Amino acid sequence: MSVTSISSAQDRASASASASDSDSDSTPSAYTSVELSIWPASARPAAEGDVTVADVSLTEAADRFGTPLYVLDEGEVRDRCRAYRTAFPDADVVYAAKAFLCRAMARWVESEGLGLDVCSAGELGLAITAGFPAERIVLHGNAKSPEDLYTAVRLGVGRIVLDSTPEIARLAEIVPPSDRQQVMIRVVPGIAAGGHAKIRTGTEDQKFGLSITDGSAQHAIARILAQPRLELVGLHCHIGSQITSVKPYVAAVRRLIGLMTQVRDHHGLELPQLNIGGGHGIAYRPGQDRLDIGALARRVHAELKDGCAHAKLPVPRLTIEPGRALVGSAGVAVYRVLTVKQTAGRTFVAVDGGMSDNPRPALYGVRYAPRLIGRRSMAQPCPVTVVGRHCEAGDVLADEALLPGDVRPGDLLAVPTAGAYHLSMASGYNLIGRPPVIAVRGGSARMLVRRESLDDMSRRDIGL
């Protein structure tokens, strides 16, 4: 895969697939290369309006495993891991597990040479049971529980990112007297970046990190250096999510080099590591921008080299934490239509899932591009609102989506770019049960996470 653009191979493959199909199908529901650009690179139009991913029919997968269903292309995940390793050969690439985590996913990224970023004892424990090396795991979060910290120390995680001053003494008490725990401090560089106000984490007015501007970060650094059981190895920042421009990262690097210079001048310590987080944006609808990973690598490395040379600092080892950029485009959600209703001039297409398996539209106003699969339609596309089955007016999966005018109950809808922050943010609302996840590769499908049953949910309810 090309270093200059993580999406170039995907777009070429999609265009090729569309071209091969266009000669035999000119119906309104035929796929174009632009539409397929947000699907896994292995996606191909198939007979009778079907789509295959990694040579697996989505229609057959829906019949076999039921709906709603998450389909995850293992090859796509691995290709994106390799593209990051190629673009950042001298950096630590750490997968942000909050995007999606299961044992198989942990094994995939481990086998591709990536580290793992976790936010809780639960994520950490699952990774360890999958055989992930603890020394390649980073723990962070804005409010770690005592259990989170104790589990991280007990299992020997490589680095813990401290997010507040109370965590400093709390962690120091847990670390055995004979040991030293490597830590980083999460700082707020004062940079606004991200696709929505609720996912911008680099500014002063949110819950993450310690401010450089008001001196909180500098105070915390001094507190850490006074703890003999803690070893400060670097700075960490995460400025937001769904960022499609390189400029905010370059600005963050510049400000963190300034803080590293202060640490050197005030404490005589040259920090060996710098973690600039993730938040790399992807396209959820055709034509949307995505972050150019090759450009990011070139600009960040240049800024690090020049900035450190000017400050007379050694260049620190870089860490990046991509999450959705590795798994988002590898996933497809498949739903079955339950009802179609016309009300007040709008058409509502209700499916058998909704905000319990994808809360992102309700939280951030994210827009998706669902597609009819499993049959060909000659009907012209019409704008519809794809909604879920939950008792909330805000349970909308896709507003103003273009679907054939004859969409009807029993039809299948596929929603691409569904690999990140779907299952990981899923809930038990209305006791619907979370969907299963299947992995596809080389024409075969296997289950990674089974469907949550009523029995699963009932077992937790022990009081009468």
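Is Cys 119 buried, partly exposed or exposed? Cys 119 is partly exposed, with a relative accessible area of 27%. Buried means under 20% relative accessible area, exposed over 50%, and partly exposed in between, using a 1.4 Å probe and protein chains only.

This is a predicted model: local features need pLDDT of at least 70, side-chain atom pairs count only at pLDDT 80 or more, and totals for chains, interfaces and linings use all residues. Residues are numbered from 1 along each chain as its sequence is written, and side-chain values use heavy atoms, leaving out hydrogens and water.

**Cysteines**

| Residue | Relative accessibility | Class |
|---|---|---|
| Cys 119 | 27% | partly exposed |
| Cys 391 | 63% | exposed |

A disulfide is a pair of cysteine sulfur atoms within 2.5 Å. The count by this rule is zero.

**A three-stranded sheet**

Strands (E, at least two residues) and helices (H or I, at least four) are DSSP runs, numbered from the N terminus. Two strands pair if DSSP finds at least two bridges between them. An open, antiparallel sheet runs in the order β1-β2-β3. β1 (44–45) and β3 (56–57) are the edges; each has a single partner strand, so one side of each lacks a neighbour in the sheet. Two bridges join β1 to β2 (residues 51–53). Pro 45 faces Val 51 in β2.

**Helix α11**

At its start, a side-chain oxygen of Asp 292 comes within 3.1 Å of the backbone nitrogen of Gly 294. Lys 312 follows α11, with a positive phi near 60°.

Key
A polar contact is a pair of N or O atoms within 3.5 Å; within protein, one must be able to donate a hydrogen and the other to accept it, and residues adjacent in sequence count only if both atoms are side-chain atoms.
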